[in-house]
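This report covers strand pairing, the nonpolar core and the ligand site of one structure. The sequence and model come first.

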Amino acid sequence: MKDRPHRVDLADVIRWHLESERAFGMHELPLSGLRPVSHGEGAAAAAPTEVGRDGAHPSKTSSEPSSDPDVPAALEAIAGRIAACTACRLSESRTHAVPGQGNPRARLMFVGEAPGRDEDLQGLAFVGRSGQLLTRMIEALGLRRDDVFIANVIKCRPPENRDPAADEVQACFHFLMDQIDLVRPEVICTLGGCATNNLLGRSDPMHRMRGRVFPFRGAQVVPTYHPSYLLRRPEEKRKAWADLQVAARLLGLEVPRKS
Ligand code: URA
């Protein structure tokens with residue numbers, strides 16, 4: 001028997017697009033015709049779990065919540081070390097270092113690339129335009145920003161928002177590793193190629209990384225597109241929404257439908 005040609009189901013494409021637009025896009029879109037996503041759907045549902053560059057780290061299992069009462073204090077201490085850090089040239093041009101913030105016991109962590117202008121001015125991660133979209137993405141999962149932990153690969157803004165240099169990432173990376181080891185999230189959503197590739201020690205394009213799940217330091221990494229990319233390419237939101245639903249399923253979250 002001949003193989004049937006691969007067919008794109010247009011109705012599915014439209015449904016995912018509308019659903020993602022409703023989730024963290026344009027809220028005036030109609031709800032009718034959308035159905036909840038069942039297990040087995042979504043880009044990463046059938047994807048293999050892969051081993052990242054450091055799948056072997058801590059002794060703790062991903063389902064075990066952190067019980068260390070000093071986690072908030074330890075995170076504060078890291079933030080203090082970041083604020084005082086002069087390990088790379090970015091310390092000379094920063095207004096504020098941006099350690100990252102959120103729930104010290106978050107089950108879900110988001111990791112971006114580097115602070116931008118607004119973040120540098122306020123000392124907080126993801127507070128500019130892409131931060132507003134990230135907030136909508138988090139809320140689409142039925143969570144609040146306070147429920148998750150949000151951090152970046154590097155903690156100081158690169159001038160003109162250029163890509164972080166390899167030596168800057170190298171100088172800063174240990175801070176993020178310490179944050180991950182303290183918070184011990186079950187799922188880490190990496191936002192964009194810089195975060196994904198640096199975390200997993202790869203150099204692959206995002207379209208090859210998203211739709212897959214990677215173990216890393218006791219967590220499962222779900223790569224997705226960076227909100228600033230989604231602001232430029234809103235048609236890609238449906239893929240990001242599919243990725244977020246994978247994260248939700250890994251966390252056992254019921255993703256609410258918007259009314
Ligand atoms: N982009 C990022 O990668 N991180 C931020 O904190 C803000 C914008």
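In which sense do strands β5 and β6 pair, and over how many bridges? Strand β5 (residues 214-216) and β6 pair in the antiparallel sense, over three bridges; strands are DSSP runs of E with at least two residues, helices are runs of H or I with at least four, and both are numbered from the N terminus. Two strands count as paired if DSSP finds at least two bridges between them.

The model is predicted: local features need pLDDT of at least 70 and side-chain atom pairs count only at pLDDT 80 or more, while totals for chains, interfaces and linings use all residues. Residues are numbered from 1 along each chain as its sequence is written, and side-chain values use heavy atoms, with hydrogens and water left out.

**Strands**

The β5-β6 pair forms a hairpin with two residues between the strands. In the turn, R217 has a positive phi of about 45°. Strand β6 (residues 219-224) also runs parallel to β4 (residues 187-191), joined to β4 by five bridges. V221 in β6 is the bridge partner of I188 and also of F214. Five of the six residues of β6 are buried, that is, under 20% relative accessible area (1.4 Å probe, protein chains only).

The largest nonpolar core has 65 residues. Such a core is a set of buried Ala, Val, Leu, Ile, Met, Phe, Trp, Tyr and Cys residues joined through side-chain atoms within 4.5 Å. F24, F110, I188 and L199 have the most contacts inside this core. Helix α6 (residues 166-183) gives the most to the core, with nine residues.

Helix α7 (residues 192-200) has seven of its nine residues buried, among them C194, L199 and L200. The buried residues of α7 pack against β2 (108-112), α6, β4, α8 (206-209), β5 and β6, where contact means heavy atoms within 4.5 Å. G201 follows α7 and has a positive phi, near 65°.

**Ligand site**

The table gives polar contacts, which are pairs of N or O atoms within 3.5 Å.

| Residue | Protein atom | Distance to a ligand oxygen atom |
|---|---|---|
| E113 | polar backbone atom | 2.8 Å |
| F126 | backbone N or O atom | 2.9 Å |
| H226 | polar side-chain atom | 2.8 Å |

The protein covers 93% of the 240 Å² of accessible area that the ligand has on its own, by the Shrake-Rupley method with a 1.4 Å probe.

Methods: Buried means under 20% relative accessible area, exposed over 50%, partly exposed in between (1.4 Å probe, protein chains only). A polar contact is a pair of N or O atoms within 3.5 Å; within protein, one must be able to donate a hydrogen and the other to accept it, and residues adjacent in sequence count only if both atoms are side-chain atoms.
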